[in-house]
Amino acid sequence: MAHPNHNDHEAFGAARWPQYREQGSTFRRVRANLGLVPGCAPSRLPTVLVGDEGSGKSALSAYLAHECRKEGSDIFVLHAEAYPAGSGPLAMLHDVAHRIAQRYRVHEPVPDNPEQLVRAFPQLLACVQGPLLLVLDGLDHLSLPAAPHGSEAVPDAGGMAGWLPAYIPPNIRLLVSTRPGELSHELAAREWEIVEVELLDLDARRALAMQRIAGANPAIGAEVARLAESDGIFGNGMALGTGISEVLRLSAMEGRGSAFEYLKDAANPEELLDLVLGSMEADYGRPTLESVLAPLASTRAGLAVEELSRLSRIDADRINHLLSWLDLHLQRRGSLIRCSDGTFRSVLVQRYLPDEETRRAQHRAVAGLMEHLPPGERRGRELPWQWMMAGAWEQLRECVTPLEMVHHMVANGMQYDLLHYLHWLGEASAAAMYEQEAAALARKKSGSRPCHAEWLASLAMFLSASGALQAAEQAMRNAAAVRVRLLGPEHPDTLAAHAQHATLLVDCGAYEQAETPTRQVLDAQIAALGEEHPDVTESRCNLGYLLFRRGEYAAARSHLERACKQIVASGATDTMKHAMALKLLAMPVRDAGRLPEACGILEEAVRIATRVMGSKHPEVALLKTEHATLLHVCGNHEAAKDLLIEALAVREEVLGPLHIETGHSYNNLAQLYVECPELDTEGCAEDYYRCALNAHVVALGDDHPDSAVIRQNLGKLLRDAGRCEEALPLFRTALRAFQVSVGQRHKDTVICMGNLGELLCMGRAVFEQYGVEPPGEGSAPDDRSVIAKRDEARVLLERAYELMLELFGENDPGTANAVNRLVQLAFFLGDLRKSDRLAGEALRIYEESGVAMRRPAAVALYRKARARYWMGDREEACRLALRACELFQANGSGRDPYAAATARLVQAACR
């Protein structure tokens, strides 16, 4: 949920439009850029309106947004003026992100951490389906607040334009407005379309003047005409309106002279407002204006006249009369009044709040007023901000600690605000801040009230967005338990809590625990909405993906195929939703061994996505990555490399090097280079793996299963290079992460268990290049067996084989790989006959499962040849080794260490 003040600002700007509507060339050019001119395609570049305060940027933006709404486009209009003084640009970015997530049903939580939010924002833009007009008005008004408690420096919020992504997807029309200055120069350097907002010409100024004084005393017409025809600053619509208001005010005061005479020398709108305030002080008294206007400059969402009267001790009627002359610079939302533009606010601050001590005292006074408000949106929006701006850190901590306040802030879209307050309090961990509060609530017998469940659910949403996933999962678990006790297991609120809990479990990598709530939500939606509803289709995709991550490929495929059929039946075939459903469907088809079919499905998904979103869209990069993976498996390695490089280039440019999707690209390229070393002409595989691991750990943490996959891949690379001591901790950490996140019986856990066991049965440098040396505990390799722990290796490898056999059966290639690792153990333990027998068993399974021509079969052939060589059967060893060499060459594995060891074995056995 975005700040409610945006709607007020849009209406306020649109109401001002008549006084700017004669801006001919500016208006026509921006309309053309936005595609509002018939026969004119919208510009592919964002449009930047540049003009002084009061030149009509907001009015023009509001009017253009109104025009776009009439054509049915999605419109998000955000105004910097809707945020309180001191808000940084990330407050606006967070609002945009939340609007996109809600409108386009993005399941991943919007990060509240500033750095994570900036990294995630381009990916959120990629989730936008269909045309969207995004209007960001008055960006130059966004700034940083005072330094945090105990700090002397203000942290960097990303620069003036650093938070805006360099690439804007072609379906998003971006309209930005700013005053001339550093920000406009930065955006111009990006080659965005700069449109300078014109000043009002003479005819427009005359028309505006006549409109403003219609029905007024005719005697003032001459002085208003002098303002309109002046060559000074009155070509600025706001300045002209301010001058006319002052002429009208003075005309109502007996004995007052000409307004034009002292206003004409103002060089800019700030000087003009300062002159007007000085004139009003002469009539009302400076203490009166200060006591009324200083609180307005200090408030976030506005104050009611009655509240201003209480703070200033001035009669409400007198306040209303005073403010009526400043109405052009005020905005009214219900009974609340606030400054409508940054220029007016800054002039008030400079005039009535000139130093830090005065400003803090005023914020304390407003906070004292807000403390008496009932819990709700306004108290949550105003009170903690006032305490922060007052530097009252203890009061701020007491204000944001209760879970009731957390709930009201999260429910009203103020997650960013809450994290912001914790930052200024010096809280390194949001979870630690609320741990005691949540525990105390859980212990209360009254903790079963409905409001307590809402509080805990809101806390879980906040903790998840701030990155504390484990604490968030526990809070949501408690919220769901309360709702079950109160409402029963079938109540919609209970199911919603289970769905949120399932999302958190998936984020934590706990796929098995997430299945029950995911199925409950799907069943409830079917009962309430019917089988063909789009929400049911989406839930089927979610369940299919969850089942795929659990390794249940047949069940995953069933749900995903049904979801795709529903999409086709609905007619939404050329949409990103269809493309992503096809992508999910390709996974179980691929893992069932039907590679050409899966490749065709992904090729169709890439075609649809490219047509809908363009070639540089991050989602298209994702689909290209999946397609490249299949091309590689099918043997088309060069085409796979080209697609992966294209995808990486897009992700690095659009998402940045630390984004999780960019991390996937690094991993995929490294994997390709490891399996096809001839493609890695510059030796980049290890660097890519380390970049991938860095991105995954930053985004997901050490214990996430995806981070574990990268660690395992890097470990295998180091192991194959003979750097076993470096590989060992990587395998151990990866195995622990798999066991915690996906359980002992998951395929990924079992594979990692086998890799660790294989490494432990070897020595520090005992790898296949030593394969012609005699095996056994007392043989030559023993002096290198620094890390060899063969008892532990035996336990791991035998358990991995049992689990593979149980999960996939005896004829699965994964089971053959487990047998292949037992071959290695038997060899290093000196049991050559067992090593030979197991290698034959692995080859039989490879043959029956249709993968006898791939690299794992070549490795098994080599290991069988090695055993035969040491058993004295050199003729058979030579035959097997030659066959293994042929397979390594057929698979493009010329630089594979196994291939090198096989070549040496051929030399030893066949001479």
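Analyst: What follows is a set of questions about the terms used for this predicted model, each answered by setting a value against its cut-off.

User: Why are helices α38 and α40 called roughly parallel?

Analyst: The axes of α38, residues 813-828, and α40, residues 855-871, come within 10 Å and cross at roughly 25°. Angles under 35 degrees count as roughly parallel, and therefore α38 and α40 are given that description. Their crossing is also left-handed. On the side of α38 the contact is made by N817, N820, R821, V823, Q824 and F827, while α40 contributes P856, V859, A860, R863, R866 and W870. These residues divide into 6 nonpolar, 3 polar and 3 charged.

User: What makes α31 and α32 roughly antiparallel?

Analyst: Helix α31 covers residues 637-654 and helix α32 covers residues 660-675, and their axes, which come within 9 Å, cross at roughly 155°. Because an angle over 145 degrees counts as roughly antiparallel, α31 is roughly antiparallel to α32. The crossing of α31 and α32 is left-handed. Among the residues that meet there are A640, L644 and L648 of α31, together with Y666, L669 and L672 of α32. The residues of this contact divide into 9 nonpolar, 5 polar and 4 charged.

User: How do you know that C878 and C910 form a disulfide?

Analyst: The S to S distance between C878 and C910 is 1.6 Å, and a pair of cysteine sulfur atoms within 2.5 Å is what the term requires, so the pair qualifies as a disulfide. In general, a disulfide is a covalent bond between the sulfur atoms of two cysteines. A search of the whole structure finds 1 disulfide. With 115° about the S-S bond, the link of C878 and C910 is right-handed. The pair links distant parts of the chain, since C878 is in helix α41 (residues 874-890) and C910 is in the segment after α42 (897-909), 32 residues apart.

User: Are these two cysteines, C878 and C910, buried or partly exposed, and why?

Analyst: C878 has a relative accessibility of 13%, which is under the 20% limit, and therefore C878 counts as buried. C910 has a relative accessible area of 31%, a value that lies between the 20% and 50% limits, so C910 is partly exposed.

User: What makes C339 and C399 buried?

Analyst: C339 has a relative accessibility of 1% and C399 has a relative accessible area of 8%. Because buried means under 20%, the word applies to C339 and also to C399.

User: Why do E191 and R313 count as exposed?

Analyst: Exposed means over 50% relative accessible area; E191, at 63%, therefore counts as exposed, and so does R313, at 79%. E191 is placed in the loop between α6 (182-189) and β5 (193-196), and its phi is near 70°, a positive value in a residue other than glycine. R313 lies in the loop between α13 (305-312) and α14 (316-324), where its phi, near 60°, is likewise a positive value in a residue other than glycine.

User: What makes R477 partly exposed?

Analyst: R477, in helix α23 (residues 469-487), has a relative accessibility of 35%, which again falls between the 20% and 50% limits, so R477 counts as partly exposed. Leaving aside neighbours within four places in sequence, R477 is in contact with H501 and Q513.

Notes. Residues numbered from 1 in each chain as written. Predicted model: local features only at pLDDT ≥ 70, side-chain atom pairs only at ≥ 80, totals over all residues. Heavy atoms only, no water. Axes fitted to C-alpha atoms, helices over the stretch in contact; angles between N-to-C directions. Helix = DSSP H or I, 4+ residues; strand = E, 2+ residues; numbered from the N terminus. Parallel < 35°, antiparallel > 145°, perpendicular 65-115°, else oblique. Left-handed = near helix turned anticlockwise from the far one by under 90°. Contact = heavy atoms within 4.5 Å. Nonpolar A, V, L, I, M, F, W, Y, C, P; charged D, E, K, R; others polar. Buried < 20%, exposed > 50% of the residue type's maximum accessible area, 1.4 Å probe, protein only.
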